[in-house]
Amino acid sequence: MTQNVNVIGVGMTPFMTPKQSESYVAMGKAAIHAALSDAGVHYGVVEQAYASYVYGDSCCGQRVVYEAGLTGIPIFNVNSNCSSGSSALFLARQALLSGQAECVLAVGFEQMTPGALTEHWTDRPTPLEKFIDVADEVLGDEEGPMAAKLFGAAAREYFEKYGMKAETLAKIPVKARRHAEHNSRAVFTDPLSVEAVLGSPAICDPLTRFQCCPPTCGAAAALLCTDEFASRNGLTTDVRILAQSMVTDLQSSFSGSAIEAVGADMAKHAARQTYEAAGIGPEDLDVVELHDCFSVNEVLAYEGLGLCAEGGAGEFIENSENTYGGRVVTNPSGGLISKGHPLGATGLAQCFELTTQLRGRAEKRQVENARVALAHNVGIGGACVVTMFGK
């Protein structure tokens with residue numbers, strides 16, 4: 001097994017609303033070419049490719065990767081809902097660790113449509129059946145999209161358990177917009193106030209529209225290689241994946257708790273495994289990109305990743321420990337709520353942001369002296385991937 005997996009190239013398109021978007025092919029092609037250019041290599045050296053997306057027909061991965069070249073390499077299509085991008089990165093890393101390849105590509109893309117997420121196959125059992133059962137058990141016949149219902153229920157459960165106020169939760173999208181202001185690839189960059197967040201249309205109590213990520217289109221890519229490949233080709237190896245873990249649902253996910261149904265326990269397990277593998281704890285992190293598809297999921301991620309004590313997220317937010325000048329900068333990109341959430345690209349967009357931060361190239365959103373970074377990407381269905389990057 002190779003000792004190190006290096007991130008030698010990253011690329012990312014601007015994220016856009018569906019009305020502004022190019023085709024998934026154009027976006028994926030642009031992200032791949034940007035990653036290759038960043039690495040300083042040509043497509044001919046890539047030995048395998050892992051392509052992630054959710055809304056698309058079979059073999060969209062081939063359609064995108066073929067735009068870079070037709071070399072006959074294995075191309076794998078990866079679909080794991082919102083964690084698809086990090087799942088592709090996980091598989092790409094495994095290919096290097098196993099010795100099957102020395103240079104691999106992970107690319108994620110999504111061409112979404114306006115409105116809430118929907119299922120396309122209504123004539124067969126839904127893979128989300130167990131989650132719908134939890135939502136129905138907790139919420140009864142309450143109307144609304146399944147994901148919003150579950151996360152709304154998780155927020156109410158957290159409020160009841162720990163006494164968090166709606167005003168505190170609303171500070172998360174306010175912070176997201178403040179960070180996204182300096183990200184030219186983000187969808188929403190205009191400032192928000194707590195009053196504006198709380199006054200926006202209700203989605204599922206206590207969540208309002210500004211606390212929910214928007215349907216987004218975009219693409220991101222990463223090129224990984226071994227030390228041997230980099231040395232042989234004279235490449236710079238300034239960012240490495242130090243450790244990584246993927247965890248799928250546990251018995252606790254379906255225990256009747258909305259907090260667990262949206263992946264809290266998965267995050268705890270994946271984070272613990274990643275910290276143990278890296279020999280680095282949460283106190284050593286400088287910057288984190290975490291999965292804030294809804295504001296409450298950022299709260300749950302703080303605790304699942306060990307950034308604060310269980311039940312301590314409210315104080316963590318109120319003391320501004322989650323931003324510049326605090327304990328650890330979370331979502332300097334603006335996160336899913338402001339940067340956008342093209343499902344298949346999100347995990348690789350996190351890789352793009354953290355690689356940029358560790359290289360010291362994030363300009364006005366740069367985290368000072370960033371040396372250790374963590375990504376948290378979760379999808380209902382489900383899977384959670386936690387990845388630690390090091391300078």
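Q: Before anything else, what counts as a helix or a strand here?
A: Helices (H or I, at least four residues) and strands (E, at least two) are DSSP runs, numbered from the N terminus.

Q: And what kind of model is this?
A: It's a predicted model, where local features need pLDDT of at least 70, side-chain atom pairs count only at pLDDT 80 or more, and totals for chains, interfaces and linings use all residues. Residues are numbered from 1 along each chain as its sequence is written, and side-chain values use heavy atoms, with hydrogens and water left out.

Q: How much space lies in the largest cavity, and what lines it?
A: About 40 Å³. Its lining is made of Val 262, Gly 263, Ala 264, Ala 267, Asn 297, Leu 300, Ala 301, His 376 and Val 378. Helix H10 (264-278), H11 and strand E11 (372-379) each bring at least two residues to that lining. H11 gives the most, with three.

Q: By class, what's in the lining of the largest cavity?
A: Six nonpolar residues, three polar and no charged ones. For the classes, Ala, Val, Leu, Ile, Met, Phe, Trp, Tyr, Cys and Pro are nonpolar, Asp, Glu, Lys and Arg are charged, and the others, Gly among them, are polar.

Q: OK, what about the second largest cavity? What lines it?
A: Ser 86, Leu 89, Gly 347, Gln 350, Ala 375, His 376, Asn 377, Val 385 and Thr 387 line it. Helix H3 (84-97), H14, E11 and strand E12 (383-390) are the elements that give two or more residues to this lining. E11 gives the most, three residues. About 30 Å³ of space lies in there, and the lining has three nonpolar, six polar and no charged residues. By the way, His 376 is one of the residues here, and His 376 is among those lining the largest cavity.

Q: You mentioned H3 and H14. At roughly what angle do their axes cross?
A: The axes (lines fitted to C-alpha atoms, for helices over the stretch in contact) of H3 and H14 come within 4 Å and cross at roughly 70°. Therefore H3 is roughly perpendicular to H14. Angles run from 0 to 180 degrees between N-to-C directions, and 65 to 115 counts as roughly perpendicular.

Q: Which residues meet between H3 and H14?
A: Gly 85, Ser 86 and Leu 89 in H3 meet Gly 347, Leu 348 and Cys 351 in H14, where contact means heavy atoms within 4.5 Å. This contact has three nonpolar, three polar and no charged residues.

Q: And how do H6 and H11 cross?
A: Helix H6 (residues 166-180) and helix H11 (residues 295-304) have axes that come within 9 Å and cross at roughly 100°. That makes H6 roughly perpendicular to H11. Leu 169, Ile 172, Pro 173 and Lys 175 in H6 touch Ser 295, Val 296, Glu 298, Val 299 and Tyr 302 in H11. By class that's six nonpolar, one polar and two charged residues.

Q: New topic: where's the cis peptide bond with omega near 5°?
A: From Asp 205 to Pro 206. Pro 206 sits in the loop between strand E5 (202-204) and strand E6 (207-208). A cis bond also joins Gly 381 and Gly 382, with omega about -10°, and Gly 382 is in the loop between E11 and E12.

Q: Last one: what's the phi of Cys 59?
A: Positive, about 75°, although Cys 59 isn't a glycine. Cys 59 is in the loop between strand E2 (48-52) and helix H2 (60-65).

Conventions: Angles under 35 degrees count as roughly parallel, over 145 as roughly antiparallel, 65 to 115 as roughly perpendicular and the rest as oblique. On a 1 Å grid over the protein atoms alone, a cavity is a set of points where a 1.4 Å probe fits but cannot get out, and a pocket is an open set with protein on both sides within 12 Å along at least five of seven lines; lining residues have an atom within 4 Å of a point. Grid points are joined across faces, edges and corners, and a volume is the space filled by probe spheres set on the points.
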